[in-house]
Amino acid sequence: MKYAQLRKYDVANGEGIRSTIFVTGCTHGCKGCFNREYWDFSFGREWDNEATKTIIEYLKDPQVKGLTLLGGEPMQNLELIKVLRDIKKEVDKDIWIYSGYTYEEIISNPKRLELLKECDILVDGLFVEELLNLKLKFRGSSNQRVIEIKKSLEEGKVVLHDMEENLK
């Protein structure tokens with residue numbers, strides 16, 4: 001697995017101050033994608049133990065609320081399963097994951113479901129340039145949803161994340 005960047009502080013990709021991992025590699029090819037260079041699976045650096053240690057150190061900062069995975073396409077980088085399990089041995093913070101796949105597509109694929117279960121919030125769906133809405137929180141187009149993963153799996157249906165509730 002390769003990654004393009006690690007950010008210690010990010011306030012655009014999930015609630016609160018977050019650390020982020022931008023993986024590379026994506027086959028969706030969304031028109032208007034803001035990270036086109038991250039489509040290439042050979043772009044960036046190879047993930048290694050040092051990258052894991054760096055993210056763990058970022059997450060130990062008490063100002064950092066959690067981790068966000070995006071890219072590229074995290075669901076096409078299933079090595080993230082092991083990475084997240086290693087991180088969770090050291091730090092207990094919430095994990096957001098962005099994917100061009102819908103929740104329904106993800107849960108129908110056993111390996112992607114395994115990655116999903118390591119996370120707390122899913123922002124799902126392809127970016128659709130014609131549905132661009134700059135007023136939306138944490139997503140780019142109106143077809144995308146912010147989903148509570150564990151509640152959705154328990155209830156057997158999509159449960160949307162109440163962002164207003166979490167700002168209180």
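In this predicted model, seven strands form an open sheet in the order β3-β1-β2-β4-β5-β6-β7, and the pairing is mixed. Strands β3 (45-46) and β7 (145-148) are the edges, each pairing on one side only. Strands β4 (residues 66-70) and β5 (residues 94-98) run parallel over four bridges. Leucine 67 has isoleucine 95 of β5 as its bridge partner.

Two helices pack on the sheet. Helix α1 (residues 49-60) touches β1 (2-10), β2 (18-23) and β4, and its direction makes about 15° with that of β1. Helix α2 (residues 80-90) touches β2, β4 and β5, and its direction makes about 170° with that of β4.

The salt-bridge count comes to 16.

| Pair | N to O distance |
|---|---|
| Glutamate 118 – arginine 85 | 2.9 Å |
| Arginine 145 – glutamate 104 | 2.8 Å |
| Arginine 145 – aspartate 124 | 2.6 Å |

Glutamate 118 sits in the loop between α4 (110-116) and β6 (121-124), and arginine 85 sits in helix α2, 33 residues apart. Glutamate 118 is buried at 11% relative accessible area. Arginine 85 is partly exposed at 37%. Both belong to a salt-bridge network that links Arg85, Lys88, Lys111, Glu114 and Glu118.

Arginine 145 is partly exposed, with 23% relative accessibility. Arginine 145 is in strand β7 and glutamate 104 is in helix α3 (residues 103-107), so their pair ties together parts 41 residues apart in sequence. Glutamate 104 is partly exposed at 40%. Aspartate 124 lies in strand β6, so its pair with arginine 145 of strand β7 ties together parts 21 residues apart in sequence. Aspartate 124 counts as buried because its relative accessibility is 1%, under the 20% cut-off.

Terms used
Residues are numbered from 1 along each chain as its sequence is written. This is a predicted model: local features need pLDDT of at least 70, side-chain atom pairs count only at pLDDT 80 or more; totals for chains, interfaces and linings use all residues. Side-chain values use heavy atoms; hydrogens and water are left out. Two strands pair if DSSP finds at least two bridges between them. Contact means heavy atoms within 4.5 Å. Axes are lines fitted to C-alpha atoms, for helices over the stretch in contact, and angles run from 0 to 180 degrees between N-to-C directions. A salt bridge is a side-chain nitrogen of Lys or Arg within 4 Å of a carboxyl oxygen of Asp or Glu. Buried means under 20% relative accessible area, exposed over 50%, partly exposed in between (1.4 Å probe, protein chains only).
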